[in-house]
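Please examine the sequence and the three-dimensional structure shown below. The paragraphs that follow lead through the model one region at a time.

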Amino acid sequence: MNWLELTVLTTTEASDLISEVLISAGSQGVMIEDKNDVSMNQRPEGQWDIIDEEIARRIGDDVKVTGYYPIDERIQDTMLHIEAELRRIAGLGLEFDLGKLQILRHTVDEEDWAESWKKSFKPFRLGSHMLVKPSWEQCDAAAEDKIIEIDPGMAFGTGTHETTGMCVELVEKNVKPGMKVIDVGTGTGILAIAAAHMGASDVLAIDLDAVAVRVAAENVRKNGFEKVIAVRQGDLLEAVEAVADVVIANIIADVIIMLAAPVKAHIVPGGLFICSGIAREKKDGVLKALDDAGYAIQEIAEKGEWAAIAARRP
């Protein structure tokens, strides 16, 4: 059977509403592509963004909500229903921006679309000993491998990005058994789980995004670290007073610059700040901020267009 891939161009604020329209029309689920993991206009001014401006620009301004429908005798009625619902919503005079509400259509062939996307997400290695795999894949692990089971989803960070890889390498080198760790902007929780695998006894995984918190909590449970990792929603600088041996922030350069000084209050003397998500052209700015805040640079890693830094609080 062929399937219709139907995408509606909308906004972050309206994405949940449009998702409901597509699901009510018969899609078993929806895919949301949004340049903002945490939308700026859903947060108080001054809180941080976790996607670099340049990356966001390349993704584009439209939020894309996509559903799938079998092409059969009902498809015409399904399309009319969706179009009518979008017109109805547009006429409600809602206080938030709905975006273009433009519909894009694409036919998917008879290959099982529900399974085909999984073929592109295979087990892969991070660092020396972390083996990341989706739940549906079997893999041959060496005795020293640490398995992290993560399924790709709405939250940012399945681990394939260079910034995550460099962070894991720094975690492997620096997180020792019994340490306390804070993972800022945890996303799927992959770095928090890596820290737990290295023997951290107490990990706080914190994120502003409610979706990320839900996904991270599920991944923590799936990987068996509920007693080690606490997942919490909020801003580290406002929500908690926790102090750790290692603080990890795989975010973006501008946020790291902002965090450099105040995050010291959450790092024990002699502790480490591991920061990544730094575009190469912004590395010098981050290094200056860390130096101004009194850190001693321990290591700089670079891969592709990105850099990661391990800086020690004296």
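Seven strands make up an open sheet of mixed pairing, in the order E10-E9-E8-E11-E12-E14-E13. Here helices (H or I, at least four residues) and strands (E, at least two) are DSSP runs, numbered from the N terminus, and two strands pair if DSSP finds at least two bridges between them. Strand E10 (229–233) and strand E13 (296–303) are the edge strands, each pairing on one side only. From one strand to the next the twist averages 15 degrees; axes are lines fitted to C-alpha atoms, for helices over the stretch in contact, and angles run from 0 to 180 degrees between N-to-C directions. This is a predicted model, in which local features need pLDDT of at least 70 and side-chain atom pairs count only at pLDDT 80 or more, while totals for chains, interfaces and linings use all residues. Residues are numbered from 1 along each chain as its sequence is written, and side-chain values use heavy atoms, with hydrogens and water left out.

Strands of a sheet pair through backbone hydrogen bonds, either parallel or antiparallel. Both senses can be followed here. E8 and E9 pair in the parallel sense over five bridges, and isoleucine 182 has leucine 204 in E9 as its bridge partner. E13 and E14, by contrast, pair in the antiparallel sense over seven bridges, with alanine 296 standing opposite arginine 312 in E14. Strand E8 (residues 180–184) is mostly covered, since four of its five residues are buried, where buried means under 20% relative accessible area, exposed over 50%, and partly exposed in between (1.4 Å probe, protein chains only).

H5 lies across E11, E12, E13 and E14 and runs at about 25 degrees to E14. Helix H7 (residues 210–222) lies across E9 and E10, at about 165 degrees to E10.

Which residues form the interior? The largest nonpolar core has 36 residues, and those with the most contacts inside it are Ile148, Val171, Val175, Val181, Ile229, Ile248 and Ile274. A nonpolar core is a set of buried Ala, Val, Leu, Ile, Met, Phe, Trp, Tyr and Cys residues joined through side-chain atoms within 4.5 Å. Among the elements that give two or more residues to this core are helix H5 (162–174), strand E9 (202–207) and strand E11 (244–250). H6 gives the most, with seven residues. Apart from this core lies another, of 30 residues, including Ile182, Ile252, Ala260 and Cys275.

Helix H10 (residues 283–292) has Lys283, Val286, Leu287, Ala289 and Leu290 as its buried residues. Seen down the axis of H10, these residues fall within an arc of 160 degrees, so they line one face of the helix; the arc is that of the directions from the helix axis to the C-beta atoms. The buried residues of H10 pack against helix H9 (253–259), E12, E13 and E14, contact meaning heavy atoms within 4.5 Å. The face turned away from the buried side carries the exposed residues Asp284, Lys288, Asp291 and Asp292. Glycine 294, which follows H10, has a positive phi near 95 degrees.

Glutamate 5 and threonine 66 are 61 residues apart in sequence, yet 6.8 Å apart in space, C-alpha to C-alpha. The side chains of glutamate 5 and tyrosine 68 are joined by a polar contact of 2.7 Å.

How values were computed:
A polar contact is a pair of N or O atoms within 3.5 Å; within protein, one must be able to donate a hydrogen and the other to accept it, and residues adjacent in sequence count only if both atoms are side-chain atoms.
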